[in-house]
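Hi there,

Here is the structure I promised to pass on. Have a look at it first, and then read my notes below.

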Amino acid sequence: MVQLHEMIFRDAHQSLLATRMRTEDMLPIASKIDQVGFFSLEIWGGATFDVAIRYLNEDPWMRLKKLKEAMPNTPLQMLERAMNIVAYWNFPDDVVEKFIYYAKKNGIDYFRIFDALNDLRNMETPMKAAKENGGHVQACLSYTISPIHTVEYFVDKFKQLEKMGADSLCIKDMAGMISPKRAYDIIKGCKDEGIKLPMDLHSHCTSGMTGMAYQRAVEAGADILDTAMSPISGGTAAPATESVVAALQGTEWDTNYDLALLIECREYFLKIWEKYRHLHRFDALKVDPSVTLHQVPGGMLSNLIFQLEEQGARDKYREILTETARVREELGYPPLVTPTSQVVGVQAVMNVLHGRYKVIPKETKDYCRGMYGKPPAEIHPEIMKKVLGPKWKEEVIECRPSDLLKPIWNEKKKELMEIDGGRLIKKDEDIMTYILYSAVGLKFLKGEARAEFTSDQLPLPIDHQFTRAMIKQSFPEHKQLWLEIEPPEKRKGTPAQIPTEYEVEVDGEPYTVKVIPTGGFMVAGAGSAAAAAKPTDVEGGVKSNMQGTILKIKVKKGDKVKKGTIIATVEAMKMEQEISSEREGEVKEIFVKEGMPVANGDLLMQIL
Ligand code: CO
């Protein structure tokens with residue numbers, strides 16, 4: 001018998017609906033799903049925490065509690081990014097331990113733990129904490145293709161994970177590129193080596209080979225397969241649950257699930273798929289076997305396209321794919337999964353836009369220092385030199401990255417208690433939300449977050465900004481269609497080919513930016529109605545070399561700066577980039593504020 005791990009409430013909508021499914025759309029069907037008898041249900045972790053507080057104005061802890069109440073019979077599972085938890089950077093042990101404790105307390109039974117680099121040192125603390133709190137540990141290895149990632153590599157690491165106390169094991173093929181032979185060889189290899197733990201295969205349909213890989217996996221002895229209910233399956237999401245159940249009926253691997261009951265659930269999710277239609281992306285549903293060559297996962301691909309559009313370089317797409325593969329090799333073949341996918345992807349974009357390793361984000365430096373863990377293969381020494389300088393050897397750490405971090409729970413708790421007289425802490429879990437996402441978390445706890453939409457507003461009308469964005473992305477060539485979906489007042493007299501208005505998002509808040517003929521720009525809408533006009537050039541002007549949001553201004557008026565002094569940091573492509581002065585002198589004028597969006601070439605300061 002084979003069992004299924006159902007992912008409709010996490011991975012499936014993260015892959016196809018931008019992680020936006022709201023709790024009120026999960027609850028009505030929950031009790032029915034609970035009757036199927038799945039091995040486990042994935043409902044939490046991954047991007048669901050971040051998106052809930054950033055875009056949905058939903059408390060992720062409440063979602064967990066409510067789903068647990070609605071589904072008491074099926075083990076609930078979360079995806080946990082080892083020392084990154086549900087964020088994108090390392091936390092100290094005390095935070096990881098407390099997180100696992102609260103997750104278990106609120107309803108998580110199974111913890112699927114993975115590390116982007118498969119550095120097992122990063123998995124020790126969360127695995128130990130999950131065991132201590134009575135949880136089931138499903139230890140995962142990130143799947144990728146490289147000369148390092150052989151069948152023996154995976155079998156050997158799985159053996160170590162069994163020794164470390166895992167309850168089950170999982171191959172996490174986040175990019176959906178595992179071949180039938182690979183799936184068979186790894187699982188068979190593990191079984192032949194005497195690994196006793198149940199083995200799970202997690203994959204996505206991206207390459208088109210996944211159905212065959214699943215078949216070969218069960219032939220090799222896989223115990224669990226990851227699937228999602230059919231309306232939100234296929235494409236960059238997992239194979240369909242009902243199809244896999246039907247395919248295995250009458251064989252030795254029969255799941256024995258009630259197909260009629262599953263079809264009832266399907267009817268419900270068909271309605272959900274229709275409701276969230278403004279999030280559909282046609283590209284996400286197309287089979288893309290090229291993933292086996294470039295190995296860029298679906299989610300990262302759409303991110304790359306978006307980032308290129310942001311930087312006005314959509315035509316560089318092919319170049320970026322080649323560069324991504326090259327950077328990945330130079331950086332020691334990291335699997336491309338959060339957060340290493342971001343490091344490799346952004347460095348590739350920077351290399352194509354500005355020249356190879358001319359602009360190096362902080363995250364690339366951290367990665368080369370070993371701050372994410374040990375890369376699978378050695379990073380090319382000449383790249384180390386470019387990234388960290390001639391004395392790069394002294395900069396590299398040998399220990400587990402979190403060994404360098406001091407406990408922060410108590411200090412952060414105190415910090416939050418001092419804000420608004422402590423009224424923001426309604427439960428201890430709120431401290432965790434604040435630690436994981438300090439700026440976005442604080443805004444959420446203060447009640448200042450706003451939902452992009454609520455369930456009763458769905459489906460969004462055709463001329464809603466989100467629906468329009470979907471249509472523009474799905475039909476990039478059909479400018480006439482774009483015009484037709486503009487609200488009537490905008491349709492008249494506006495030439496379609498010259499956009500005068502852009503929608504940008506700053507910290508989760510949508511802004512409408514209008515281009516006005518003077519060359520300045522005006523921000524209207526959501527957050528502020530303030531107009532910000534500034535000169536486009538002055539003597540001694542220092543300009544931004546990328547599009548993004550000003551994070552920190554590191555100097556003030558009157559400061560003396562040298563060539564190379566860091567004057568500001570910009571958040572671009574979810575990463576922190578430093579901007580240094582190209583000249584020596586005194587800061588005469590600062591034209592930007594922290595939190596302000598800037599475009600490539602925008603004037604930041606005057607230094608004379
Ligand atoms: Co996945």
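**What I found**

Just after helix α22, Gly447 takes a positive phi of about 80 degrees. Before we go on, keep in mind that this is a predicted model.

Let's stay with α22 for a moment. This helix covers residues 438-445, and Val440, Gly441, Leu442, Phe444 and Leu445 are buried in it. What do the buried residues of α22 pack against? Their partners are α3 (48-56), α20 (409-417) and α21 (428-436).

Back to backbone angles. Most residues other than glycine have a negative phi, and most peptide bonds are trans. A few spots here are worth a look with that in mind:

- Ala18 has a positive phi of about 50 degrees, though it isn't a glycine. You'll find Ala18 in the loop between α1 and α2 (23-34), and it is partly exposed, with a relative accessible area of 32%.
- Asn256, also not a glycine, has a positive phi near 60 degrees. Asn256 sits in the loop between α10 (241-248) and α11, and at a relative accessible area of 57% it is exposed.
- The peptide bond from Thr338 to Pro339 is cis, with omega near 0 degrees. Pro339 belongs to the loop between α15 (317-330) and α16 (340-354).
- The bond from Leu458 to Pro459 is cis too, with omega near -5 degrees. Look for Pro459 in the loop between α22 and α23 (465-474).

Now for the metal. Which residues coordinate the cobalt ion? They are Asp11 (through OD), His202 (NE2) and His204 (NE2), at 2.0 to 2.2 Å. Along the chain, these donors follow the spacing D-x190-H-x1-H. Asp11 lies in helix α1 (residues 8-16) and His204 in the loop between β7 (199-202) and α9 (210-219), so this pair ties together parts that are 193 residues apart in sequence. Both Asp11 and His204 are buried.

Next, the inside of the protein. The largest nonpolar core has 116 residues, and Phe99 and Phe158 have the most contacts inside it. Helix α11 (residues 259-275) gives the most to this core, with seven residues. The core also draws at least three residues from each of domain 2 (408-445) and domain 3 (455-525). Apart from it lies another core, of 30 residues, with Ile320, Val343, Val344 and Leu388 among them. If you zoom in on Phe158, leaving out residues up to four places away in sequence, its contacts include Ala139, Leu141, Ile186 and Met199.

Phe99 also turns up where two helices meet. Helix α4 (residues 60-70) and helix α5 (residues 93-106) pack at an angle of about 35 degrees, with their axes 9 Å apart. On the α4 side are Trp61, Leu64, Lys65 and Lys68, and they meet Phe99, Tyr102, Ala103 and Asn106 in α5. By class, that contact has five nonpolar, one polar and two charged residues.

As for the domains, the assignment gives domain 1 (291-401), domain 2 (408-445), domain 3 (455-525) and domain 4 (537-607). The centres of domain 1 and domain 2, taken over C-alpha atoms, are 33 Å apart.

Is Ile553 buried or exposed? It counts as buried, because its relative accessibility is 18% and the cut-off for buried is under 20%. Beyond four places away in sequence, Ile553 touches residues including Ile567, Ile590, Val592 and Met605.

Key:
Residues numbered from 1 in each chain as written. Predicted model: local features only at pLDDT ≥ 70, side-chain atom pairs only at ≥ 80, totals over all residues. Heavy atoms only, no water. Core = buried A, V, L, I, M, F, W, Y, C linked by side-chain atoms within 4.5 Å. Buried < 20%, exposed > 50% of the residue type's maximum accessible area, 1.4 Å probe, protein only. Helix = DSSP H or I, 4+ residues; strand = E, 2+ residues; numbered from the N terminus. Domains from an automatic or database assignment. Contact = heavy atoms within 4.5 Å. Donors = N, O, S within 2.8 Å, 3.2 Å for Na, K, Ca; no water. Axes fitted to C-alpha atoms, helices over the stretch in contact; angles between N-to-C directions. Nonpolar A, V, L, I, M, F, W, Y, C, P; charged D, E, K, R; others polar.
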